[in-house]
Amino acid sequence: MKRMIIDCDPGHDDAIALILAHRVADVVGITTVSGNAPLSATTENALMLTALLEVDTPVHAGAAGPLVGEPVHAAMVHGESGLGTVDRIPHSRHVASDDAVGYLLDAAAEDIWIVAIGPLTNLAHAIERDPTWTERIAGIAIMGGSAGVGNATPVAEFNIYADPEAAARVFESGVEVVMCGLNLTHQFLTDDGIAERLRAADVPTARFAAQICDDIHGRMESLTGRRTAALHDPCAVLAVTHPDLIETEARAVSVEVDGTLTRGMTVVDQRITRRPNAPNALVGYGIDAEKGMAQVLDALGA
Ligand code: BDR
Ligand code: CA
């Protein structure tokens with residue numbers, strides 16, 4: 001099994017990613033970051049997920065805000081709690097530490113992947129504290145950015161938009177990056193049929209995931225008119241555990257930190273008429289959604 005640390009901001013799709021990862025990989029730790037909701041909420045949600053899963057994976061709380069500027073949250077999509085109105089699971093778990101960055105540095109090993117599914121603030125701090133960190137890990141699979149449409153702005157994806165300076169440092173660090181952006185994750189959708197299958201499977205993770213689907217489908221219906229939601233974050237887990245399901249191309253990716261219209265955009269060099277810039281990332285373009293969803297449903301217990 002692949003070993004990984006999940007850096008996350010749960011988050012509906014982060015929650016599904018955490019469940020998936022614990023079933024198909026060896027999750028050695030979880031680090032949390034401000035993103036979909038404030039750090040206190042994302043950390044509480046991560047702890048609650050470990051209780052649901054009945055695992056002892058340590059949760060280390062990380063950055064409460066981006067490198068520059070004020071925290072950006074996504075309450076319209078994930079609610080104030082980060083998990084909308086999904087039933088809370090009572091638990092008595094506590095964080096292992098408030099030093100996610102120290103944990104990331106200490107836990108580094110050549111077979112450990114970092115699966116980064118929130119803003120990249122913790123990772124940027126780790127690189128700043130020890131630039132050799134990127135040489136001591138297997139690589140970083142990111143849900144973030146896009147080789148196409150944005151969501152936080154017309155051209156910027158939320159995780160990158162919430163901390164563009166951090167994202168720029170990660171993409172410029174020389175580490176092996178696999179980027180699962182919106183152009184990929186919009187191919188991997190849940191709908192009410194999936195929610196029904198989850199509800200029918202009478203196990204705690206499936207019941208929880210059915211509630212997640214119901215909540216996010218309702219929010220997406222108000223926002224887009226369609227009762228479907230992209231399973232963004234599980235794509236980054238699958239990129240490590242099932243790379244055969246994801247088509248990638250080596251590309252040069254830069255993060256716009258200045259543009260008034262384009263701040264937070266991942267600029268992907270896809271030129272064919274001129275020599276493109278040297279690649280620094282494997283960019284996901286296609287996913288075998290049927291096989292990927294079978295993996296997710298199996299992991300959830302449906
Ligand atoms: C990303 O932003 C968050 O809202 C999701 O959890 C996902 O990580 C999608 O843009
Ligand atoms: Ca996320």
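C235 is buried, with a relative accessible area of 0% (buried means under 20%, exposed over 50% and partly exposed in between, using a 1.4 Å probe and protein chains only). This is a predicted model, in which local features need pLDDT of at least 70, side-chain atom pairs count only at pLDDT 80 or more, and totals for chains, interfaces and linings use all residues. Side-chain values use heavy atoms, leaving out hydrogens and water, while residues are numbered from 1 along each chain as its sequence is written.

Which cysteine sulfur is closest to that of C235? It belongs to C180, 5.9 Å away, which is too far for a bond. A disulfide is a pair of cysteine sulfur atoms within 2.5 Å, and the structure holds 0 of them. C213 is likewise in no disulfide; its nearest cysteine sulfur, in C235, is 14 Å away. C213 is buried, with a relative accessible area of 3%.

## Getting to know I287

Let's turn to I287. This residue is found in strand β12, which covers residues 281-287. Is I287 buried or exposed? I287 is buried, as its relative accessible area is 11%.

Leaving aside residues up to four places away in sequence, I287 touches L184, Q187, F188, C235, L238, L245 and I246 (a contact means heavy atoms within 4.5 Å). By contrast, V68 lies 34 Å from I287, C-alpha to C-alpha, and 219 residues away in sequence.

## The whole fold

Now for the overall view. The protein has 12 helices and 12 strands; these are DSSP runs numbered from the N terminus, with helices (H or I) of at least four residues and strands (E) of at least two. Of its 302 residues, 58% are buried. Among contacts between residues at least 6 apart in sequence, 80% join residues at least 24 apart.

How does the radius of gyration fit a compact globule? For 302 residues, such a globule would have a value near 19 Å, and the protein agrees at 18 Å. This radius is taken over C-alpha atoms, and the globule rule is 2.2 Å times the number of residues to the power 0.38. The C-alpha trace spans about 55 × 40 × 35 Å along its principal axes.

## Surface

Terms used. Chains lettered and ligands numbered in written order.
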